[in-house]
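Let's take a friendly tour of a protein model together. Have a look at the sequence and the 3D view below, and then read on.

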Protein chains: 2
Amino acid sequence: MGALHEGHLSLARQAKSQCDVCVVSIFVNPTQFAPNEDLSRYPRPLQHDLELLAGEGVDAVFLPTNASMYPAGFGSFVMPSPVGLSLEGQSRPDHFRGVTTVVMKLLQIVPASAAFFGQKDFQQLRVIQDMVRDLNVPTEIVPCPIVRDEDGLAMSSRNRYLSDEQRVTALAIPRALSRAAAAVAAGEINTAAIEQIMLESLSDCDSVDYAVVADSESLQPMRKFERPAVALIAARVGNTRLLDNRVL
Amino acid sequence: MGALHEGHLSLARQAKSQCDVCVVSIFVNPTQFAPNEDLSRYPRPLQHDLELLAGEGVDAVFLPTNASMYPAGFGSFVMPSPVGLSLEGQSRPDHFRGVTTVVMKLLQIVPASAAFFGQKDFQQLRVIQDMVRDLNVPTEIVPCPIVRDEDGLAMSSRNRYLSDEQRVTALAIPRALSRAAAAVAAGEINTAAIEQIMLESLSDCDSVDYAVVADSESLQPMRKFERPAVALIAARVGNTRLLDNRVL
């Protein structure tokens, strides 16, 4: 979606290291935004994005328009697997349908052998993995690690919405995930207790959509900690909704 | 779906005339059957089908299994465009979702430059055309004309369910379509009157799901006849549900 940061650039580097040709798409996809969300104010610093991508030596940038992606009469969608129903699927009901639909379109237009997705949007990655598997899309989905700023905040295009003060508050999110990991390392197996630790860490956030331990395959909550597991947080600082996660 | 007849073979011939390599898929797709439908008794004369295809000189036959197409955990679907909501979509609510999903899978597995579909399943063709357009599938969808037996009945794998007597009754269906076309040729522009002519022709059928004049793009009913238009019928003779249509 553009507004590129080091997290995005790490995907381009990974693609270049693994593939002969690297194509980057920049498209602020309207179908994954709800009417009350930040589609119109989502940052679009295109010139700067293109300079960053030129610096990485990517081979092509695909910049479709809304009208070319969703012409009048558009009406077929890819429905995500049940992995999309929990968490973000609860908070943003049509969000993943927009994501799977646009990723399917992009992979048909640019038939890549591999596509690179950040683990920061963990549930999105799982939904796309399921789509590619279920619909036999001949593209390898390559998960790439979360890139964090020096202070620990996961990089996100939405971080630029944060004031200095809000940014300090937002650091509670990676701290909550670290504490969850520490609790697991100390032998905690009651996920309700782990979630309580996260919620306490997040008390300065303006709201918490979820702070949970889930099966990292199904994204379903679990009572007793068991791997594969992931802790996931969605919280709001001011008007900015932030996501983060940590595999446990 | 196999149980091949001259209609299917005409698709193979058209493909061979237009393409370098012709692949035929045979797969009785479970996701397009409702629980009360004829999935288990759908005819599967595989050996005979393969002989017919060998006779046409097709290059390959793709025969996937249910387990390979729908392994445990399968859960991502392609939702058809609103063209799928009327007519068959009313009579068979999840049918087109099964069709679009399996056709998407087949086109990912066998990335054909062109795919050939009979106009006998007119609404299915429209739904697939919309899917390919909306999701940017790089395959040309080629509509092929309905093939009829000498008595006028549109060829269908389900015709073999009909007794001799039922078959005579079923001829009311192409007759109804011919009368609709004759009414249009005579200047009738009231579609309700055209539909009444079709319903009267179908009075010997055991039930009629629909007998309508619709916009052939949107598949929506129209009051005043206007091209592009198509007359579509779904009617039951005994337990056998038969489809037919005629572009007007």
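Across the interface of chain B and chain A, the rule finds 13 residue pairs in polar contact, counting pairs with both residues at pLDDT 80 or more. Keep in mind as you read that this is a predicted model.

**Where the two chains meet**

How many salt bridges does the rule find across the interface of chain B and chain A? The count there is zero.

Which parts of chain B supply the side that touches chain A? At least two residues each come from β3 (77-79), α5 (95-109) and α6 (122-134) of chain B. The biggest giver is α5(B), with five residues. Sorted by class, this side of chain B holds 12 nonpolar, seven polar and four charged residues.

Now for the contact itself: 23 residues of chain B are in contact with 23 residues of chain A. The area buried between the two chains is about 1800 Å², and carbon and sulfur atoms give 51% of that area. On the chain B side, Ser76(B), Gln108(B) and Leu135(B) lose the most area to chain A. Together these three make up 31% of what that side buries.

Strand β3 of chain A, residues 77-79, pairs with β3(B) in the antiparallel sense, over three bridges. If you zoom in on this pairing, you will find Met79(A) standing opposite Phe77(B).

**A look inside chain A**

Next, find Glu56(A), which sits in helix α2 (residues 46-56) of chain A. Leaving aside residues up to four places away in sequence, Glu56(A) touches Leu9(A), Arg13(A) and Lys16(A). With one of these, Arg13(A), Glu56(A) makes a side-chain to side-chain polar contact at 2.9 Å.

Here is a handy idea for the next stop: side chains of opposite charge can pair when their charged atoms come close. Asp130(A) and Arg133(A) form a salt bridge, and their closest N and O atoms are 3.7 Å apart. Both residues lie in helix α6 (residues 122-134) of chain A, three residues apart, which is about one turn of the helix.

An unreviewed UniProt entry lists Gln32(A) and Gln124(A) under "binding site". Gln32(A) itself is in the loop between β1 (23-25) and α2 of chain A.

**Backbone details to look for**

| Peptide bond | Form | Omega |
|---|---|---|
| Arg227(A) to Pro228(A) | cis | near 5° |
| Arg227(B) to Pro228(B) | cis | near 5° |

Where do the prolines lie? Pro228(A) is in the loop between β6 (207-215) and β7 (229-237) of chain A. Pro228(B) is in the loop between β6 (207-215) and β7 (229-237) of chain B.

A last stop is Asn136(B), which has a positive phi of about 60° although it is not a glycine. You can find Asn136(B) in the loop between α6 and β5 (140-144) of chain B.

Technical notes. Residues numbered from 1 in each chain as written. Chains lettered and ligands numbered in written order. Predicted model: local features only at pLDDT ≥ 70, side-chain atom pairs only at ≥ 80, totals over all residues. Heavy atoms only, no water. Contact = heavy atoms within 4.5 Å. Buried area = accessible area lost by both parts, 1.4 Å probe. Salt bridge = Lys/Arg side-chain N within 4 Å of Asp/Glu carboxyl O. Polar contact = N/O pair within 3.5 Å; in protein donor to acceptor, adjacent residues only side chain to side chain. Helix = DSSP H or I, 4+ residues; strand = E, 2+ residues; numbered from the N terminus. Nonpolar A, V, L, I, M, F, W, Y, C, P; charged D, E, K, R; others polar. Pairing = 2+ DSSP bridges. UniProt positions renumbered as here; feature names shortened; annotations may be inferred.
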